[in-house]
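Trainee: I am new to this structure. Can we go through it in short steps?
Mentor: Gladly. Have a look, then ask away.

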Protein chains: 2
Amino acid sequence: MSLELISKNKVHGGWHKRYRHESAVNNCTMTFAIYLPPGVDESQRAPVLYWLSGLTCNDENFMQKAAAFKSAAELGLIIVAADTSPRGEQVADDKEGAYDFGLGAGFYVNATQAPYDQHYQMYDYINEELPALINEHFPVSGKQSISGHSMGGHGALVLGLRNSDKFASISAFAPIASPTRCPWGEKALTGYLGNDKQTWREYDSSLLLAETNAEQCPPLLISQGLADDFLQQQLKPELLQASADEAGIALILEQHPGYDHSYFFISSFIDQHLRFHAKHLA
Amino acid sequence: MSLELISKNKVHGGWHKRYRHESAVNNCTMTFAIYLPPGVDESQRAPVLYWLSGLTCNDENFMQKAAAFKSAAELGLIIVAADTSPRGEQVADDKEGAYDFGLGAGFYVNATQAPYDQHYQMYDYINEELPALINEHFPVSGKQSISGHSMGGHGALVLGLRNSDKFASISAFAPIASPTRCPWGEKALTGYLGNDKQTWREYDSSLLLAETNAEQCPPLLISQGLADDFLQQQLKPELLQASADEAGIALILEQHPGYDHSYFFISSFIDQHLRFHAKHLA
């Protein structure tokens, strides 16, 4: 598969690059961004952290606002930031153009409902197609971890828990912890998967975590701001905690007074998350 | 003068806040952003770094993209990010809506030409009105420095050199080093100041630097990316260097291969600039 370079910027001695490519899985053109730390090449390969962004975002938000490059450069981490949905004029959007469904809101599921099933296959895209591209074109070590924010935190947890053999560690900032039990999730799962709630379960990290074998579960770090406007109605990290307790899994759930849902929060704790992943990717 | 809080975000233990206020100098409503590092209050006052942004920017770009908060928190620096022009429907813009004149492009001058003289008094705004507001409402120590990017680097150098008693140190990223001798500057100075080029001289940092007394010049740090698309035609740091040499001033001009004009460049070297200022503000 071929990549088209859109732009590149040197940052903290490495390179931030944006690429465009044809996605067979999503049946459209997709864009992603990658950070390559200094010194990485064919003879010095690096592990990859996949980053999944939240509602309304694309590949740019994390790269511009997360303040991750200094630590990524020091730790020798490649970071790949994916887009949050298929894109293009032919891609069906929310019928009313809402921010929480359709474009910018793919929820990292494989849609089964028309017309969304034509393009919204973000689970397979993140799990298979994008890593295959990265592995083909960049000097990766083969080890990978996953993280994300809000809807992307949900995506990181679901992808990580369902593919625990692939990911050395999982983290999330303010994830939608149980999309089967919050308004954002209920709307998205109904629209993409239909009304049979049994099909929703494989995209609910709290339900998945309760059934996860503790010995096979990758290390888990969650950071949550306590001044986050979405905490009680949409995010519900207590459901993840309850599942972790039930399964005997040592979830690290850090709660930070005063912090909100923004990238100001992410940028305050991204260094901690990168160190967490680097330790498990070593 | 009163301030209206627009928003606040906790970040690296401190607070990013945006405020709106009526500006007597610019005859309109202005917006600025401030970072207050942790632990700052009436009994523990902090020095202030004023940040001036470049063309098309407002108070948000630096705060979202510069990755400055971790170091600012550690160093105990307040950072104030100003807007780049007066704002509002009544404020005259470039007649063709260009990005390099009018709204978002005040060039930190006091305009003398109609209709721009009604609102475009950014030099006095940054030099007098904004610091008076900051000093009235926030726990500042009284010491201050100034920095900026591109058009804002020009602004920082001009403000700093013309008010060397007020600023402990001056720095700039990719400044427009001599606006009397580049297309961006020639357009702006003609529009705001008219055709008498004698009036332009007080807004040209390279010309000002050549006439600066070395013993009274604040410490100067300039960072320039060598892959900056604007380097040769618009920025011309060699003119600053020549003036510094002429005046016997120890300008620190760091040139960085591969870096461009973006915030990816700024974020790579902002820690160095903050440490530079903190040393001179101590």
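Trainee: Which residues in helix 4 of chain B do B:Tyr123, B:Ile126 and B:Asn127 in helix 3 of chain B meet?
Mentor: Keep in mind that this is a predicted model. Contact here needs heavy atoms within 4.5 Å. On that test, the three residues of helix 3 of chain B meet B:Val158, B:Leu159 and B:Arg162.

Trainee: How do the residues of that contact in chain B divide into nonpolar, polar and charged?
Mentor: Tyr, Ile, Val and Leu count as nonpolar, and Arg as charged. B:Asn127 and B:Arg162 are both in this contact. The division is four nonpolar, one polar and one charged.

Trainee: What is the orientation of helix 3 of chain B to helix 4 of chain B?
Mentor: Helix 3 covers residues 122–137 of chain B, and helix 4 covers residues 151–162. Their axes come within 11 Å and cross at roughly 55 degrees. Under 35 degrees would count as roughly parallel, and 65 to 115 as roughly perpendicular. The angle therefore makes helix 3 of chain B, relative to helix 4 of chain B, oblique.

Trainee: Is the crossing of helix 3 of chain A and helix 4 of chain A left-handed or right-handed?
Mentor: Begin with the axes in chain A, which come within 11 Å and cross at roughly 55 degrees. That makes helix 3 of chain A oblique to helix 4 of chain A. The hand of this crossing in chain A is right-handed.

Trainee: Which residues in helix 4 of chain A meet helix 3 of chain A?
Mentor: On the helix 3 side of chain A, the residues are A:Tyr123, A:Ile126 and A:Asn127. Their partners in helix 4 of chain A are A:Val158, A:Leu159 and A:Arg162.

Trainee: Why is chain A as compact as a globular protein of that length?
Mentor: Chain A has nine helices and nine strands. For 282 residues the globule rule gives 19 Å. Chain A counts as that compact because its radius of gyration is close to this value, at 17 Å.

Trainee: How much of chain A counts as buried?
Mentor: Buried means under 20% relative accessible area. Apply that to the 282 residues of chain A, and the share is 61%.

Trainee: Is A:Ser7 buried, partly exposed or exposed?
Mentor: A:Ser7 lies in strand 1 of chain A, residues 4–11. Beyond its neighbours within four places in sequence, A:Ser7 is in contact with A:His16, A:Lys17 and A:Arg18. Its relative accessible area is 26%, between the cut-offs of 20% and 50%. A:Ser7 is therefore partly exposed.

Trainee: What is the relative accessibility of A:Phe107?
Mentor: A:Phe107 sits in the loop between strand 5 and helix 3 of chain A. Its phi is positive, near 60 degrees, in a residue other than glycine. Most residues other than glycine have a negative phi. A:Phe107 counts as buried, with a relative accessibility of 0%.

Trainee: Where is B:Ser150 found?
Mentor: B:Ser150 is not a glycine, yet its phi is positive at about 60 degrees. B:Ser150 is buried, with a relative accessible area of 3%. Its place is the loop between strand 6 (140–148) and helix 4 of chain B.

Trainee: What is omega for the cis peptide bond that joins A:Ala114 and A:Pro115?
Mentor: Most peptide bonds are trans. A:Pro115 lies in the loop between strand 5 (78–81) and helix 3 of chain A. For the cis bond from A:Ala114 to A:Pro115, omega is about 0 degrees.

Conventions:
Residues are numbered from 1 along each chain as its sequence is written. Chains are lettered from A and ligands numbered from 1 in the order in which they are written. This is a predicted model: local features need pLDDT of at least 70, side-chain atom pairs count only at pLDDT 80 or more; totals for chains, interfaces and linings use all residues. Side-chain values use heavy atoms; hydrogens and water are left out. Axes are lines fitted to C-alpha atoms, for helices over the stretch in contact, and angles run from 0 to 180 degrees between N-to-C directions. Helices (H or I, at least four residues) and strands (E, at least two) are DSSP runs, numbered from the N terminus. Angles under 35 degrees count as roughly parallel, over 145 as roughly antiparallel, 65 to 115 as roughly perpendicular and the rest as oblique. The radius of gyration is taken over C-alpha atoms; the globule rule is 2.2 Å times the number of residues to the power 0.38. Buried means under 20% relative accessible area, exposed over 50%, partly exposed in between (1.4 Å probe, protein chains only). A crossing is left-handed if the near helix is turned anticlockwise from the far one by less than a right angle, and right-handed if clockwise.
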